[in-house]
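Trainee: Could you take me through the charged residues and helices in this model?

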Amino acid sequence: MDTIHLGAAPGTTWALSPLEAEDRLRARFPDLQAGQEHSPTTGKNYVSFYVELDGESRHGAYFERGHLVLRDGDADIWADTAAWFLSLLPADARAVAMIESNPDSLRTIPPGTDTSELRGILQSLFDVE
């Protein structure tokens, strides 16, 4: 298991606030455990959340202005949630992906990428470890 990072492409931001992200997550996952936080090191607000996927509790966080972190899983576990989350953004929103164990390998996620395509993009990050 690794940590997946989805972020706004360099030079861009996402307009979705942590509060909006939490509301959308609660609508998708009724049993969501979440809370609003503030990072004193970055000065950014974020929502930290836990959700059950594939019978296990998985952790994630969304930081204002464009950074989604998905922990405790792999491409198969998180692809559907990641694609859903990206669909909340404007149609032209640009995104990139990386995994924590290999931060030098960055993948571009084209606007409109579907779940199957995103799974492939994420899997390619795990394949180069």
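This is a predicted model: local features need pLDDT of at least 70, side-chain atom pairs count only at pLDDT 80 or more; totals for chains, interfaces and linings use all residues.

Trainee: How many salt bridges does the structure hold?

Mentor: A salt bridge needs a side-chain nitrogen of Lys or Arg within 4 Å of a carboxyl oxygen of Asp or Glu. By that rule, the number in the structure is three.

Trainee: Which residue forms a salt bridge with Arg26?

Mentor: The closest N and O atoms of the pair are 2.8 Å apart. Both residues sit in helix H1 (residues 18–28), four residues apart, so about one helical turn separates them. Arg26 is partly exposed at 35% relative accessible area. Its partner is Glu22.

Trainee: Is Glu22 buried or exposed?

Mentor: Buried means under 20% relative accessible area. Glu22 has 10%, so the word for Glu22 is buried.

Trainee: Which helices hold Arg28 and Asp80?

Mentor: These two residues form a salt bridge, with their closest N and O atoms 2.6 Å apart. The pair ties together parts that are 52 residues apart in sequence, because Arg28 lies in helix H1 and Asp80 in helix H2 (residues 75–87). Arg28 is partly exposed at 28% relative accessibility, and Asp80 is partly exposed at 39%. The helices are H1 and H2.

Trainee: How many residues apart are Arg119 and Asp76?

Mentor: Their side chains meet in a salt bridge, 3.4 Å from N to O. Arg119 is in helix H3 (residues 115–127) and Asp76 in helix H2, so the pair links distant parts of the chain. Arg119 is partly exposed, with a relative accessible area of 28%. The separation is 43 residues.

Trainee: Why do the buried residues of H1 line one face of the helix?

Mentor: The buried residues of H1 are Pro18, Ala21, Glu22 and Leu25. An α-helix has 3.6 residues a turn, so residues three or four places apart point the same way. Seen down the axis of H1, the buried residues line one face because they fall within an arc of 100°.

Trainee: Which exposed residues are on the face of H1 turned away from its buried side?

Mentor: Exposed means over 50% relative accessible area. On the face turned away from the buried side, H1 carries Leu19, Asp23 and Ala27.

Trainee: Which strand holds Asp72?

Mentor: Asp72 is partly exposed at 34%. Its strand, residues 67–73, is S5.

Conventions: Residues are numbered from 1 along each chain as its sequence is written. Side-chain values use heavy atoms; hydrogens and water are left out. Helices (H or I, at least four residues) and strands (E, at least two) are DSSP runs, numbered from the N terminus. Buried means under 20% relative accessible area, exposed over 50%, partly exposed in between (1.4 Å probe, protein chains only). The arc is that of the directions from the helix axis to the C-beta atoms.
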